[in-house]
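Thanks for coming. I will walk through one structure and say how each term is defined as it comes up. Please have a look at the model first.

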Amino acid sequence: MNTLRKSILIGMTVFGLGGTTLAVQASDAPTTKHEQRQAKWGEHAAAREQKLHDALKLTPAQAGAWTTYAAAVKPAAGKERGERGAWKSMPAPERMGKGVEMAKQHLATMETRLAATTAFYGVLTAEQKALFDANSMHHRRHGGHGMHG
């Protein structure tokens, strides 16, 4: 009888630990997938940037301008937007105000990127400009809306 109790106790413990492990894995899965997607996108963006760099065949005199440009247009780390529930519970004017603030931040980022792109574009030859023009629209041809870098 004592052996039977021990077996039942061990079995219940194993099932309990297994259920807890599954619950923890299930709750971590979306974060892990999101992080994996971000890492994959980052690798893709870096490869595309390197491809453009190589295609432009920059001279040593243009290297500094490229470094400045690449740093300025690099997307910032993913920003937390807060919980959707928090936005839903805000009064309409407050939600609109937050939206305007986000739009202002986005506009400031775009203006910084425009200045960096204009400065870099100014040091390119006509052939390099044509290559840059053809490659800078890459993300828009594939269905992206072009607002993320």
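Predicted model: local features only at pLDDT ≥ 70, side-chain atom pairs only at ≥ 80, totals over all residues.

Let me begin with ring pairs: rings of Phe, Tyr and Trp (for Trp, its six-membered ring) pair if their centres lie within 6.5 Å, and planes under 30 degrees apart count as stacked, over 60 as edge-to-face and the rest as tilted. By that rule, ring pairs join Trp66, Tyr69, Phe120, Tyr121 and Phe132 into a cluster.

Residues are numbered from 1 along each chain as its sequence is written, and side-chain values use heavy atoms, with hydrogens and water left out.

pLDDT is the predictor's confidence in each residue, from 0 to 100. The protein chain averages 77, and 65% of the residues score at least 70. Where is confidence lowest, and where is it highest? The lowest mean, 49, belongs to helix α6 (residues 138-141), and the highest, 92, to α4. Over residues 140-149 pLDDT stays under 50. For that stretch the model has eleven contacts beyond four places in sequence, a contact being heavy atoms within 4.5 Å.

Now the layout. The protein chain has six helices and zero strands. Helices (H or I, at least four residues) and strands (E, at least two) are DSSP runs, numbered from the N terminus. Of the contacts in the protein chain with a separation of 6 or more, 64% are between residues 24 or more positions apart. Buried residues make up 11% of the 149 residues. Buried means under 20% relative accessible area, exposed means over 50%, and partly exposed is in between (1.4 Å probe, protein chains only).

Back to the rings. How many aromatic pairs does the structure hold? There are six aromatic pairs. In one of them, Trp66 and Phe120, the ring centres are 5.5 Å apart and the planes are at 65°, so the pair is edge-to-face. This pair links distant parts of the chain, with Trp66 in helix α2 (residues 60-73) and Phe120 in helix α4, 54 residues apart. Trp66 is buried at 8% relative accessible area, and Phe120 is buried at 0%.

Tyr121 and Phe132 form another edge-to-face pair, with 6.0 Å from centre to centre and 65° between the planes. Tyr121 lies in helix α4 and Phe132 in helix α5 (residues 126-136), so this pair ties together parts that are eleven residues apart in sequence. Tyr121 is partly exposed, at 26%, whereas Phe132 is buried, at 3%.

Next, helix α2. Which residues of α2 are buried? They are Gln62, Trp66, Tyr69, Ala70 and Val73. These residues cover an arc of only 95° around the axis, so they sit on the same side of α2. The arc is that of the directions from the helix axis to the C-beta atoms. On the face turned away from the buried side, α2 carries the exposed residues Pro60, Thr67, Thr68 and Ala71.

Gln128 is found in helix α5 and is buried, at 6%.

Lys57 has its place in the loop between α1 (2-56) and α2, and Lys57 is exposed at 68%. Most residues other than glycine have a negative phi. Phi of Lys57, however, is near 50°, a positive value.

Last, charges. A salt bridge is a side-chain nitrogen of Lys or Arg within 4 Å of a carboxyl oxygen of Asp or Glu. A search of the whole structure finds one. Glu101 forms this salt bridge with Lys104, and the closest N and O atoms are 3.8 Å apart. The two are three residues apart in helix α4 (residues 92-122), so about one helical turn separates Glu101 from Lys104. In general, an α-helix has 3.6 residues a turn, so residues three or four places apart point the same way. Glu101 is partly exposed, at 43%, and Lys104 is exposed, at 51%.
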